[in-house]
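Please open the model in a viewer and keep the sequence panel beside it.

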Amino acid sequence: MEIIQVDPEKVKDNSYQPRKGYSQKKIDEIASSIEQNGLLETPLGRQRDGDVELAFGHIRRRAFIKLKKKSPKKWPTMPVEVREISDREMVVFALEENLKRSDITPIDLARSVTKYFEVFTSATETELAEKLSMTQGNISNMKRVMRLPDEILQKIDEGRIIFTMARELLIFEGLSAPGKESRWSRKADKYTDIPKDSKWLMLDAIKNIATPGAESRYGVHPATVEGMQKAIHDTARENFKPLGTGSNYGYRSEEVLFDVDKAGCKTCESSIKTHPTKSQLCYWCTKPKCWEDKQEAHKEKRAAEAKKKMEEDILNRAAAQEAHKEKRAAEAKKKMEEDILNRAAAAEAERQAMADKEQAAEKPTKIYVEVDNKFLTEHVEPSCSCGTIAERGSIVKKPFAYGGKLYIATGSWPAGDGLEWNCYQLMPKDDFKGETRTYSVPKGQNYEEYYESLRNDPNGFYHGMLVKRGKNDCVLVGPKISFVAKSISQEKLANWRCGKCNKYFEFNPPGEGSKALVECPGCHYEYVTYRRDDGVLFCIPKHNYDNKPPKVKIPSALLSTVERQAEPTISQEILPSEDIPIIDSIPEEEREAARERIKQLSDDPRKYPCRTCLSVGRCDGTGLYSVSGVGPTEVLACDDYMGKQDAKKVREKATLKVPPEIMELTKEKAGSRAEVLDINELRAGSYGDLKQGYVLLDNEINKMDNPKECLETCTKGFHYAFDSKPLPWMTEKETKVSHVCTNPKCVSKKKAAYTRSLNANGQAKKKAEVAAIKQVVSSTTKLDHARMKVIIDCLIHIDRYSSFSYLDNNEANWFAGKLKIDTKDLLSDPGHGKTSKLRVRIFEKLDTLAEEELAKLILEFSFARLMFAGDIKEYKILTTEALSWMGIGINIEKERVK
């Protein structure tokens, strides 16, 4: 070991020294110390290939170089202690020198740590962390940073970024983005394609970082760890596929459509997360092929939903067309059957023509039917309809059944100890063969003559009168029958009319609990008569009693309804069993009302069809009528009854198998409804607006007149649609099947009609109010007590919202308009100057008015201040009380919307 003098410029640094830069300030301090105090510790080195290589003392070597340049003669050499040193010892000297330095940079420390583990392969991170008073995590991060490309480490050495910022760039380690960057190469004098590998991604993020110490500007983030996180976010946003929506993901041409949470993308090893802010996270997919496959699958699903909706619509149309076809065939068949029946009945009608003429000349004998008084009060009396028959189309009160037919009462008068009720048979219009009439005086005839003709009609005053029963047209048929009270013990019933041939005959009713067979002497039609234990008498056709169908069934809905009401036995048989559970078959929203209705009927001993009716939850009971029995044994039926079997038949009839030829024809007739559109292809920009010629009905349908027409029947513009790329702010409901119209003119007309309908009521109110005010003003000659009250009311409500409350100088402008003052030369004046000049002109004009005209002007202004000036759809009349002080009311006539 010896100390030699060596030219400092020829001495080499330790080849294992990880340090790349030295502080000039530190060099200056050491040089000054050597110059003043001499060298306190001699650097150690070794001979290497004829040169001296330092083990440590690199700053002192640079201090001697500075002194040599300053004073070559005084400091030509530097002392170095030379001895034999192995490579392993050289590494140890270099590492220990750096690890003990107080001014060592993080990157130098990281290089030292890396070198340390390269030499001491058996050393652990925990041992070194204890030696350096650090955590094991710090040592691990240093080793990870040293895995960065050399270009990135160079940026750290240059001070472009700091060590902790570089650590954030490890997120791009091992990743690559699709595509290449075309960059001009001066050396090659052409553009070269640079792959977007992990190094390119890291350098791209560094480009968006401001130079340390420089002011940040738009698009460039500050040189901090948070700024680097934002720069990494920007790079990921431009090069990877988004796994979310919102402003942090940017308004890109590619938006995620599928549910990333259900797909498990955020936890996938191919995803990365970035920080646009400290508290927010964004996720990105680094495998574009996987992301695009999921996008395409989502688009196909959306398209399939829209296509399914379109096909359902076409099927419904095809089914409706097939149903229409069957309906037409049924109508043709029905027409044929009616024609055959009419032809068969023509001969019978011709045969009886002469007999009918003879019978019309004679007034039939008055017919009396004696029933018990309870039957009169509970059935006959409630059916009295004489007060409503005088009106054409009047709905008669509920009829009562007797002897297999329906009747209504038309009037009564005292007879003995009770009342005698005049009744007429109620018959469907289609079944009445004679001439019908209404209770109205024909042209050319006075009321007395018309009334006398009705009174002299041999068949009765009301014979042939048209009336309404529910929705059905019916006719009252004479001759009239008088119902009177009798005792139950009476054994003989006279003048019984046959329901087949209308002949009258007599028979003796059977005793209680027994029955008898009676034959009509005219047509030999057989009836079964019987009397129940409670004394109620029945007489019904034998074939109905034997449960046999009639020989001829006329296809008339009204006739079948009347037959069901008129024939008690049949009505009882069609009533469903009360033990059939019905609640589970009723729609859920109607079940509570159904339970309440059935509960109300549970204490009533009478037999109601409501207990097994599917419509019990929404029925008001107006269709009920009695078919047999009195009191607790009474049996009721209903025109609106819908049992389980009835509903099943309706569903089976509505389920049709559509033939292929009908399907094709329906597609052609469906027009635009058969074409499905993609809303994403129709957008004109990033804000969701559609191109010209297209209207998204989902946003407009509630503002249009008759929207049902668009959604259900339109074939000249309506389309089913789906959105393959919903916008970020759209809800789940908005991304389902949509509706688009390609006829914007039709949409505009419907919207205008809807607006007119909304405004019609407000316009009518305002029009009526203005008319009333004009009437008051025109009748004003002076300011009397009532008119002064209006002025005071105006002053009280001075802050009321009106047209005067939001425009500059509007009161003055109102008077200028009423007085016809020219204000064109005042337009360029400022507000205060204009008001002053306008005020002078107004009062000059007022001086020329008579007191009557001035009173009218003041009153009109007061009313104008009191009127409502908000949206016309919400118009309110606020001057009702003020107008009433002068005895004026407001008559509102709603305008008809065209």
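Begin by selecting helix 10. The cover over its buried residues includes helix 8 (163–168), helix 9 (198–207), strand 8 (271–274) and strand 9 (282–285). Helices (H or I, at least four residues) and strands (E, at least two) are DSSP runs, numbered from the N terminus. This is a predicted model, in which local features need pLDDT of at least 70, side-chain atom pairs count only at pLDDT 80 or more, and totals for chains, interfaces and linings use all residues. Residues are numbered from 1 along each chain as its sequence is written, and side-chain values use heavy atoms, with hydrogens and water left out.

Helix 10 covers residues 225–239, 15 residues in total. From first C-alpha to last it reaches 21 Å, close to the 21 Å expected at 1.5 Å a residue (the expected span is 1.5 Å times one less than the number of residues). Colour its buried positions: Gly227, Met228, Gln229, Ala231, Ile232, His233, Asp234, Thr235, Ala236 and Asn239. Buried means under 20% relative accessible area, exposed over 50%, and partly exposed in between (1.4 Å probe, protein chains only).

Next, select Ala129 in helix 5 (residues 125–132). Ala129 counts as buried because its relative accessibility is 3%. Show its surroundings: leaving aside residues up to four places away in sequence, Ala129 touches Met134, Thr135, Gln136 and Ile139 (contact means heavy atoms within 4.5 Å). The C-alpha atoms of Ala129 and Ile139 lie 6.5 Å apart, with 10 residues of separation in sequence.

Move to strand 14 (residues 466–469) and strand 15 (residues 472–485), which pair in the antiparallel sense over four bridges. Two strands pair if DSSP finds at least two bridges between them. Val467 stands opposite Cys474 in strand 15. Two residues separate the strands of this hairpin, where Gly470 takes a positive phi near 70°. Further along strand 15 is Pro479; the peptide bond from Gly478 to Pro479 is cis, with omega near 5°.

Now display the open sheet of four strands in the order 23-25-26-24, which has mixed pairing. Strand 23 (676–678) and strand 24 (695–696) stand at the edges with a single partner strand each, so one side of each lacks a neighbour in the sheet. Strand 23 pairs with strand 25 (residues 718–722) in the parallel sense over three bridges, and Leu677 stands opposite Ala721 in strand 25.

Finish with two loops. Asn706, between helix 23 (697–700) and helix 24 (707–712), has a positive phi of about 55° although it is not a glycine. Asn706 counts as partly exposed at 40% relative accessibility. Lys820, between helix 27 (810–818) and helix 28 (831–846), has a positive phi of about 60° and is likewise not a glycine. Lys820 is exposed, with a relative accessible area of 76%.
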